[in-house]
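Here is a short briefing on one protein model. Keep the sequence and the 3D view open as you read.

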Amino acid sequence: MAISSYLLQGPRVAIRHVCRQDYDELTVLAQDSAEMLQRWLGTRDTTEAAFESRLQRFEQPTHEGFVICLRSTGAIVGGANINNIVRGTLQSGTLGYTAYASTTGHGYMTEGLELLIQHAFGELGLHRLEANIQPANTLSLALVKRLGFEREGYSTAFQFINGEWRDHERWAITAETAGKAAQPAE
């Protein structure tokens with residue numbers, strides 16, 4: 001992907017919208033990361049039809065899909081989406097994200113999600129982002145804490161994963177609190 005397609009760039013990563021040309025790369029990343037992600041996301045359908053369905057969802061005004069890429073090579077190191085966007089008096093959305101086994105532990109997701117938060121509160125005009133995380137997912141909880149999200153509550157039987165309704169912690173950040181705990185990447 002050309003650098004001109006990036007929405008925002010940080011020192012090491014950049015964000016852009018996910019596109020059809022990402023299918024092969026994302027499929028390999030998902031397959032290589034299946035064991036790491038299965039506990040949190042369940043078994044993911046990596047067929048081309050499932051990918052096309054995701055892209056169609058991102059064409060709706062209530063969903064935005066992104067990839068986090070290395071600036072130096074354009075290689076995808078993470079994925080993120082903002083779902084359930086509500087306009088009007090709420091201006092809010094639900095943040096979801098995926099790291100990949102081959103690129104974890106380098107801070108790419110922290111930098112990329114800082115950019116995404118900046119984009120959400122800037123270009124998208126949102127006021128609030130919420131993230132729902134399973135209590136045992138300590139790495140994801142540490143990530144949202146680094147980003148400045150605050151714990152708001154606990155949602156019992158929130159999402160059906162691996163044949164079972166899973167509890168989640170609810171974390172949120174607003175345009176006013178973003179940047180107090182974490183500074184957006186440059």
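A residue is called buried when its relative accessible area is under 20%, exposed when that area is over 50%, and partly exposed in between, using a 1.4 Å probe and protein chains only. By that cut-off, the buried residues of helix H1 are Tyr23, Leu26, Thr27 and Leu29. Helices (H or I, at least four residues) and strands (E, at least two) are DSSP runs, numbered from the N terminus.

This is a predicted model: local features need a pLDDT of at least 70, side-chain atom pairs count only at pLDDT 80 or more, and totals for chains, interfaces and linings use all residues. Residues are numbered from 1 along each chain as its sequence is written, and side-chain values use heavy atoms, with hydrogens and water left out.

**Confidence**

- pLDDT is the predictor's confidence in each residue, from 0 to 100.
- The chain has a mean pLDDT of 89, and 90% of its residues reach 70 or more.
- Residues 181–186 have a pLDDT below 50. Beyond near neighbours in sequence, this stretch has 18 contacts in the model. Contact means heavy atoms within 4.5 Å.

**Helix H1**

- Look down the axis of H1: its buried residues fall within an arc of 165°, so they line one face of the helix. The arc is that of the directions from the helix axis to the C-beta atoms.
- An α-helix has 3.6 residues a turn, so residues three or four places apart point the same way.
- On the other side of H1, Asp24 and Asp32 are exposed.
- What covers the buried residues of H1? The cover includes helix H3, strand S3 (64–70) and strand S4.

**Aromatic pairs**

- Rings of Phe, Tyr and Trp (its six-membered ring) pair if their centres lie within 6.5 Å; planes under 30 degrees apart count as stacked, over 60 as edge-to-face and the rest as tilted.
- The whole structure holds 2 aromatic pairs.
- One of them joins Tyr23 and Phe51: the ring centres are 5.4 Å apart and the planes stand at 55°, so the pair is tilted.
- This pair links distant parts of the chain, with Tyr23 in H1 (residues 23–32) and Phe51 in H3 (residues 48–58), 28 residues apart.
- Tyr23 is buried at a relative accessible area of 16%. Phe51 is buried too, at 7%.

**Helix H5**

- H5 spans residues 138–146, and Ser140, Leu141, Leu143 and Val144 are buried in it.
- Seen down the axis of H5, the buried residues fall within an arc of 155°, so they line one face of the helix.
- The face turned away from that buried side carries the exposed residues Thr138 and Leu139.
- The cover over the buried residues of H5 includes strand S5 (92–99), helix H4 (108–121), strand S6 (128–133) and strand S8 (164–174).
- Take Leu143 as an example: its relative accessible area is 6%. Leaving aside neighbours within four places in sequence, Leu143 is in contact with Tyr97, Met109, Thr110 and Leu113.
- The C-alpha atoms of Leu143 and Arg20 are separated by 28 Å, and the two residues lie 123 residues apart along the chain.
- Just after H5, Gly148 takes a positive phi of about 100°.

**The sheet**

- Two strands pair if DSSP finds at least two bridges between them.
- 8 strands form an open sheet with mixed pairing, in the order S1-S2-S3-S4-S5-S6-S8-S7.
- Which strands sit at the edges? They are strand S1 (8–9) and strand S7 (150–161), and each pairs on one side only.
- S6 and S8 pair in the antiparallel sense over 6 bridges. Asn132 stands opposite Arg170 in S8.

**Loops with positive phi**

- Gln91 is not a glycine, yet has a positive phi of about 50°. Gln91 is in the loop between S4 (76–86) and S5.
- Asn162 is not a glycine either, and has a positive phi of about 55°. Asn162 is in the loop between S7 and S8, and is partly exposed at 35% relative accessibility.

**Cysteines**

- A disulfide is counted when a pair of cysteine sulfur atoms lies within 2.5 Å. The count comes to 0 disulfides.
- Cys19 is buried at a relative accessible area of 15%. Cys69 is buried at 0%.
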